[in-house]
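Work through the exercises below with the sequence and the structure at hand. Try each task before reading its solution.

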Amino acid sequence: MDKIIIAIDGYSSCGKSTMAKQLANELGYIYVDTGAMYRCVTLYAIENGLFSGKSLDSDALEQRIDEIAVSFSLDENGKANAMLNGRNVENDIRSMAVSERVSMVAKQPYVRKKLVEQQQAMGKDKGIVMDGRDIGTTVFPNAELKIFVTASAEVRAERRYNELLEKGEEANYTEILQNVKERDYIDSHRDVSPLRMANDALLLDNSFMTREEQKEWLLEKVAQLASK
């Protein structure tokens with residue numbers, strides 16, 4: 001089977017990154033976490049005082065957008081870590097401070113334009129699994145396989161809550177659930193590349209699926225595509 005582009009879109013905290021990474025490993029493909037790219041820009045904005053609470057100074061960020069370089073670096077275990085201007089920020093971008101603000105950054109047209117161009121360049125040779133919010137609709141509308149992932153807001157909030165606790169961070173389930181719902185609304189209602197399921201995407205509700213069941217489901221879809 002020739003190499004293809006696999007686009008995985010869906011709501012926050014659905015485990016898209018985990019399943020995309022696992023699928024890429026199984027297929028020997030390159031994995032790109034586009035959500036991490038938007039989180040890097042958000043972290044930059046926070047660290048450079050471009051937020052007042054949760055209010056973004058969009059004009060100031062636009063003026064400095066070309067100062068922001070986002071890349072990925074593989075560690076000794078083969079894990080791809082997000083790099084912001086050459087600095088490993090993989091852990092920093094997973095904080096609640098970033099989670100609460102990333103949708104505000106991601107809806108800015110100039111941010112999306114800059115990062116979409118980078119993402120399209122990464123997929124020019126195919127053999128890539130990319131996850132995000134608009135991969136199958138905007139970044140790679142002609143991707144050979146598109147998956148749209150969903151799960152209930154309560155299940156996603158619980159996953160995020162447990163993830164933070166495992167990292168030793170303080171977490172409040174109620175606040176996380178509210179954040180999940182707010183991000184869903186912002187992502188689905190933004191003017192540029194809103195979160196939506198592509199017409200030719202396959203729907204995966206993983207509310208009650210194990211990671212192994214997800215992997216089997218995804219590999220089955222790839223095999224079906226290869227057999228056509």
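**Exercise 1.** Decide whether Phe 148 is buried or exposed, and find what surrounds it.

*Solution.* The model is a predicted one. Start with the accessible area: for Phe 148 the relative value is 5%. A residue counts as buried when this value is under 20%, so Phe 148 is buried. Next, locate the residue: Phe 148 belongs to strand 9. Then list its contacts, leaving out residues up to four places away in sequence. Phe 148 touches Asp 9, Gly 10 and Tyr 11, and also Leu 195, Arg 196, Met 197, Ala 201, Leu 202, Leu 203 and Leu 204. Finally, take one of these contacts and compare sequence with space. Phe 148 and Leu 202 are 54 residues apart in sequence, but their C-alpha atoms are 6.0 Å apart.

**Exercise 2.** Describe the sheet of 5 strands: what is its strand order, and which strands form its edges?

*Solution.* Read off the order first: this open sheet runs 2-8-1-9-10, and its pairing is parallel. The edges are strand 2 (30–33) and strand 10 (202–205), each of which pairs on one side only. From one strand to the next, the twist averages 20°.

Now look at the pairs that involve strand 1. Strand 1 (residues 5–10) and strand 9 (residues 145–150) run parallel and share 5 bridges. Within this pair, Ile 6 has Leu 145 as its bridge partner in strand 9. Helix 10 (residues 211–226) packs on the sheet and touches strand 1, strand 9 and strand 10. The direction of helix 10 makes about 155° with that of strand 9. Strand 1 is also joined to strand 8 by 5 bridges, again in parallel. Here Asp 9 has Gly 132 of strand 8 as its bridge partner.

**Exercise 3.** State how many residues of strand 1 are buried, and sort them by face.

*Solution.* Count first: 6 of the 6 residues of strand 1 are buried. Then separate the two sides. One face carries Ile 5, Ala 7 and Asp 9, and the other carries Ile 6, Ile 8 and Gly 10. Both faces of strand 1 are therefore covered, with these residues all buried.

**Exercise 4.** Characterise the largest pocket by volume and lining.

*Solution.* The volume of the largest pocket is about 1,200 Å³. Its lining consists of 44 residues, and those nearest the centre are Gly 15, Ser 17, Thr 18, Arg 94 and Glu 163. Elements that give two or more residues to this lining include helix 1 (16–27), strand 8 (128–132) and helix 9 (173–189). The largest share comes from helix 8, with 7 residues. Sorted by class, the lining has 20 charged, 14 polar and 10 nonpolar residues.

Key: Residues are numbered from 1 along each chain as its sequence is written. This is a predicted model: local features need pLDDT of at least 70, side-chain atom pairs count only at pLDDT 80 or more; totals for chains, interfaces and linings use all residues. Side-chain values use heavy atoms; hydrogens and water are left out. Two strands pair if DSSP finds at least two bridges between them. Helices (H or I, at least four residues) and strands (E, at least two) are DSSP runs, numbered from the N terminus. Axes are lines fitted to C-alpha atoms, for helices over the stretch in contact, and angles run from 0 to 180 degrees between N-to-C directions. Contact means heavy atoms within 4.5 Å. On a 1 Å grid over the protein atoms alone, a cavity is a set of points where a 1.4 Å probe fits but cannot get out, and a pocket is an open set with protein on both sides within 12 Å along at least five of seven lines; lining residues have an atom within 4 Å of a point. Grid points are joined across faces, edges and corners, and a volume is the space filled by probe spheres set on the points. Ala, Val, Leu, Ile, Met, Phe, Trp, Tyr, Cys and Pro count as nonpolar, Asp, Glu, Lys and Arg as charged, and the others, Gly among them, as polar. Buried means under 20% relative accessible area, exposed over 50%, partly exposed in between (1.4 Å probe, protein chains only).
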